[in-house]
Amino acid sequence: MEEHTRLYGGIQRMMADELQVGKANNLEVFSLPENSAVQKECDDVDEEPSETEDLSDYLKSLSEGQAQSKKLCGYLNKLGGKGPLKGCKTRWFVYDPRKCLLYYFRTAHDSSPLGSMDLSHAAFNYCLEAEEGTFEIKTPEKDYTLKAKNREVMMYWLQQLQQKRWEHDDKQNHLFEGDVPTSEQSPDSPPPFKIEEETNEFLDPVKTPTGLVGEEAASLPAPLQPTTLYNISLKHLGTEIQNFGSKTVFQFYGNKQLRENRTSYEEINQATSEMSESPSLPKGADISVKECHLEVQKPPSQKSSTGNLKNMAGLLNASPVSQERLPVKDGIFQDKDTRLHNDILKLTRELDAQRDLVKLLHRALEAAQQEKRACSSYLAADDSTRLELVRHKVRQIRELENRVRLLEQEKQEMEQNLKLQQSHIEELKQHAQLLMEKNHAKQEVILKLSEQMAAENTDKPEDYDEVITTTLHELREKVSHMKDVEEGYKTQNKFLNSEIYQITKLWQKTRDREKALTMKCAYLEARYCQIESKYLVLLHKLQDISGQDETCQELVKQFISDQLKWEMKDESSLTVGRLCSEHDEYGFKLVSSPVQDQNILTRIQALERKSNNLMVSQEGQEKNILVKWENLLSSKTFGELVPTPELKNLIRNGIPKEHRRHVWRWCTNRRVQQIRERYSSNRYQELLKLCKNKQQAASKQIELDLPRTLTNNMHFSSPTSKMVQMLRRVLLAYSWQNPDIGYCQGLNRLAAIALLVLQEEEDAFWCLVAVVDCIMPEDYYSKTLTGSQVDQRVFKDLLSEKLPRLVSHFEQYNVDLSYITFNWFLVVFVDSLQTDILLRVWDAFLYEGTKVIFRYALAIFKYHEEEILKLHDNLRIYDYLQCLTKSISEGRKLMNIAFVEMNPFPMRLLRNRRTVHLEKLKAELRELERIRVEYVKDREEHKELIGVVSEDEEEM
């Protein structure tokens, strides 16, 4: 007895030691806040525990924990086979909560499953007309038909499977919260998924059938034993042979122990999944972790600890001396020893798994430190070493691209799963509708039979009482049966409603997950654009460095050409990484650079532009503006819009693409309402008929300007394109609408922008009328361009007030801004700004008027003020001003300068300045006209004198 007590105490101490090691691996290795904590963990591995639990208490708590986590298992009949072999076979089903799989075995004592069902995307259903206890599990791969002993067991299985599917989905959403990078999240990003306890609002929970489900059902004979081929699966014959070969193991260990190992089938295979779910090592960990890890992983200590546990368990089970001293009544202790032995083996496996995890964490730490050393060496290395590091970064870029491609594939798979779920929901709805219609038809039949019975009762003689009584009894039985059927349909309807409700919530979660993945994909794509842009800038700078050997120069040129060819080669195969599209959504070419090295600079500009657009699309401000637009237009139609400060602020921030066409139409109708009232409703068609019947003097100039309209837009690239024909008709119609102007160069670009946005000829025509006749000042597009000249003088005055340093700089180097700005005002920045910024300017221009042109013109010079002041040469300043607007990519920044930094900007001041300069310009024009008349008069008199002299010479 004393020897047994010593063995018992030794096992206690070793179990406590192993538990302390496992606890250190599970808790402290994941955190690693400081080097001291890591060293402390390594020291704790060899320390003796201060306190140990009693073995009996440990076994008691272990048994209670197993009792609490009751497994879902039991016997069901599974329909399978083909042709003459088709039939129901009894199978033992066990649910795996970690993988959401439902395994099935031939018997409860088999060690290998015959197959499994994935319940994470499955739907459940049962048909009332089918045999009692029959239900279906529909997965994306296959449909399964199962049969329980009775209806109560069937409903228990269905409710439990629904609950297990919901718990697995909540667990997946909880694990998904850490995927999206938290450092870059915007304040208005979608909230993380919440794990909520699902309650069945449709059906009452079914009590657990005693003896038919759970582990206790394994000891009972299988219900409904089929006789088809003796219940053997011919499809999984190898597994059947393997299970048959393990019967000797079953007989040796006993039914109970093997059944425990069998029902915990999924727990034995969790080592690899736990390795994949372990968290990564923190960046702050030091290299001392590696030394600590080597101490923990010493082979002697590991073998000794594991070996001691196994040897002590073997001594406890096989020691003849101790068994002789144990009394017969202590036979229960042998069972405890067996369970203790199993627990020791399980703890040993967990310890090995945790040690493998520590190895992975040390590898991650070493990789992070190597990257840190690589960055330090890059700063201190020479050019050749830096080029080698650049090649390494190129490889990393390609790895990121592969990751983006994998994310896109995952997104497509989720979309396919979503479509399958939606189609299944539609089928369930149609089935429910058919059941309701069938129930209604049956109720009508009952009513007709009742009316028929009542009519027969009034007309039947007394001789037929017995027949009537019999008939009434049969009808009552049928009515009772129909009520039972109706009750069954009601129960089935409740279950289908519960299934539809859960599938709908799962679909909503999948949609939110897809949205988060889309945001993550956009973020990664933007980062990829930034990295590639910086890489090209670096190559371009290396190319411009003088004093390099020819080998380096050739190497840099080769890198540049390879990078440019790589994009062209992979453009057709990439779905997410197609960075440099040739045209935008309105048909404009994305980039056109007039400088040297056009290919590489064009690509850099396109990458920066796309990165900026992707970042802006994820910003909270853009989303807030879109929400405000939706709220504003949700309760109104576009004809009911009212000018308000809120609407003005929204238009300044830019109209969303889906609403721009309707808002522009509303702004145009608001401007030309009085003009349209003077004509008939089909004014545009009348002007088109007039163009066909008569020849307009401006038609020749229009034909000359059509090929020169928006040459960077694909819709106007061909003379036979649809947009060119529409533009011709709009310009000819306007030349008849306003004969004083007829046609002026620049009107073709205004009408082209209106056509691209409004898409209808008549809408574009009235938009052109609104711009030329209502918004712009008088004589802006006349032959003398008086209004345009006045605005240039007003702009110079405003520029001297808002940006005095810049104006003095231009005066110092004799720079005339009218060569640059005149075209801005004449065509409202068309062919100058990028498409997205240009359309924002036009949004505010159509709503507020010409004041917007002055604001944005001043903002453009403010945007480039510091760069212009660095130029000290007249030619360089003119060259920079030529491409001044093409280098602007931050539309939000330009808008803030125009509408915030340029304030105050009253319209009254603009009118007064125009009036003053108009008078001065008219006086100058009158003086020029007087000079011209005098010159003509002098020339005529000079011609007469020359004619008299020539006649005298002829007479001589």
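Which residues do ring pairs link into a cluster? Hold that thought for a second.

First, some housekeeping. This is a predicted model, where local features need pLDDT of at least 70, side-chain atom pairs count only at pLDDT 80 or more, and totals for chains, interfaces and linings use all residues. Residues are numbered from 1 along each chain as its sequence is written, and side-chain values use heavy atoms, with hydrogens and water left out.

Okay, the cluster: F795, F810, W824, F825, F829, F854 and F861 are linked by ring pairs. Rings of Phe, Tyr and Trp (its six-membered ring) pair if their centres lie within 6.5 Å; planes under 30 degrees apart are stacked, over 60 edge-to-face, and the rest tilted.

There are 16 aromatic pairs in the structure. Take W664 and W842: the ring centres are 5.8 Å apart and the planes sit at 25°, so we call that pair stacked. W664 is in helix α20 (residues 657-677) and W842 in helix α29 (residues 835-848), so the pair ties together parts 178 residues apart in sequence. Helices here are DSSP runs of H or I, at least four residues, numbered from the N terminus. W664 is buried, at 0% relative accessibility, and W842 is buried at 0% too. Buried means under 20% relative accessible area, with exposed over 50% and partly exposed in between (1.4 Å probe, protein chains only).

W824 and F861 make a tilted pair, 5.7 Å centre to centre with 45° between the planes. That pair links W824 in helix α28 (residues 818-827) with F861 in helix α30 (residues 851-863), 37 residues apart. W824 counts as buried at 4%, and F861 at 0%.

Technical notes:
Helices (H or I, at least four residues) and strands (E, at least two) are DSSP runs, numbered from the N terminus.
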